[in-house]
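User: Please take a close look at the charged side chains of this model. I want the salt bridges and the charged surface, with cut-offs.

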Amino acid sequence: MAEKMRLDRLLSECGLGTRSEVKTYIKKGRVTVNGAAVKDNGLKVDLSDDVVTLNGRQVVYEKFRYFMLNKPQGCVSATRDGLSATVLDLLEGEITRDLFPVGRLDKDTEGFLLITNDGRLGHELLSPRKHVDKHYIACVSKPLSPDQLAEFREGVDIGDEKPTMSAGIRLIESGSEVELYTEMAEVAGISAEDFQAIYEVTLQEGRYHQVKRMFEVFGSKVEYLKRISMGEVVLDDSLEPGEYRKLTEEEVEALRRG
Ligand code: URA
């Protein structure tokens, strides 16, 4: 069935102005539907068929929007917070009313955060049953022994009802990677002297403080944590902490495939 929306709502949902601003544009004859100027704010527009323009430029409605944010330290992964800035505050100029972050990164964790209004995809990406890999870089105070690494991979009792699911862990050894992540940690205010090893950790679930709690079991403290990818989608390395961009269609498809 054709999906329809009021003309004034469509224009404001596309970020072209507040509801009252777009009503003024409509009144002034600056909006056309299928080539004819329209003065009725409440006209129901068919979202797949009707061609709407404002000031001669076609208006393209996107039902779902997807952003990749390089979350900086210091802001919270929530839509609202009484005290701290939220990740939505970083999406300046976007209509954020229906957007939410997919899962939480701790206030002091950086990196890939998907922000969307697609509740279904968000739910699927977080469901442990869907087995979507999330990759993290963790700079830790103490390296793990071979036995501890094996235990980490198998699943760790972190005090929850069930041990964690099996996880991936790889020591970062190559000089260029060590240099890259050490520099990222230093930019975030963590001195290279504060950590002794850097690991890439892969989880398919997202329990509260999970990476930190898994290392804690082995007496190792996570000093710096950054999520670098979700599923097949990797954080764009041109994004500085605090910057974001829209996902490409290919990236959205890759997330849908899981
Ligand atoms: N694990 C943590 O400990 N913190 C995060 O922010 C994400 C995963």
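Analyst: What follows covers the charges, then the salt bridges, then one surface patch.

This is a predicted model: local features need pLDDT of at least 70, side-chain atom pairs count only at pLDDT 80 or more, and totals for chains, interfaces and linings use all residues. Residues are numbered from 1 along each chain as its sequence is written, and side-chain values use heavy atoms, with hydrogens and water left out.

The protein chain has 7 helices and 15 strands. These are DSSP runs, numbered from the N terminus: H or I of at least four residues for helices, E of at least two for strands. Of its 258 residues, 46% count as buried. Buried means under 20% relative accessible area, exposed means over 50%, and partly exposed lies in between (1.4 Å probe, protein chains only).

The protein chain carries 36 positive and 46 negative charges, and their mean positions are 10 Å apart. Lys and Arg count as positive, Asp and Glu as negative; His and the chain ends are not counted. Each charge is placed at NZ of Lys, CZ of Arg, CG of Asp or CD of Glu.

The structure holds 22 salt bridges. The criterion is a side-chain nitrogen of Lys or Arg within 4 Å of a carboxyl oxygen of Asp or Glu.

One of them pairs D8 with K23, with closest N and O atoms 3.9 Å apart. The pair links distant parts of the chain: D8 sits in helix α1 (residues 7-13) and K23 in helix α2 (residues 19-27), 15 residues apart. D8 counts as buried because its relative accessibility is 0%. K23, at 34%, counts as partly exposed.

Helix α1 also supplies E13, which lies 84 residues from R97. These two form a salt bridge, closest N and O atoms 3.6 Å apart. R97 is in the loop between β7 (66-71) and β8 (100-101). At 62% relative accessibility R97 is exposed, whereas E13 is buried at 18%.

R170 and E177 make another salt bridge, at 3.3 Å between the closest N and O atoms. R170 is partly exposed at 36%. E177 is also partly exposed, at 22%. Elsewhere, salt bridges with shared partners join R6, D8, R19 and K23 into one network.

Now the surface. E179, E183, E186, E193 and D194 form a negative patch. Patch residues have over 30% relative accessible area and no salt bridge; like charges are joined within 9 Å, nonpolar side chains (Val, Leu, Ile, Met, Phe, Trp, Tyr) within 5 Å. E186 belongs to helix α5 (residues 175-187). Its relative accessible area is 43%, so E186 is partly exposed.

Technical notes. Accessible areas come from the Shrake-Rupley method with a 1.4 Å probe; for residues, only the protein chains shown count as cover.
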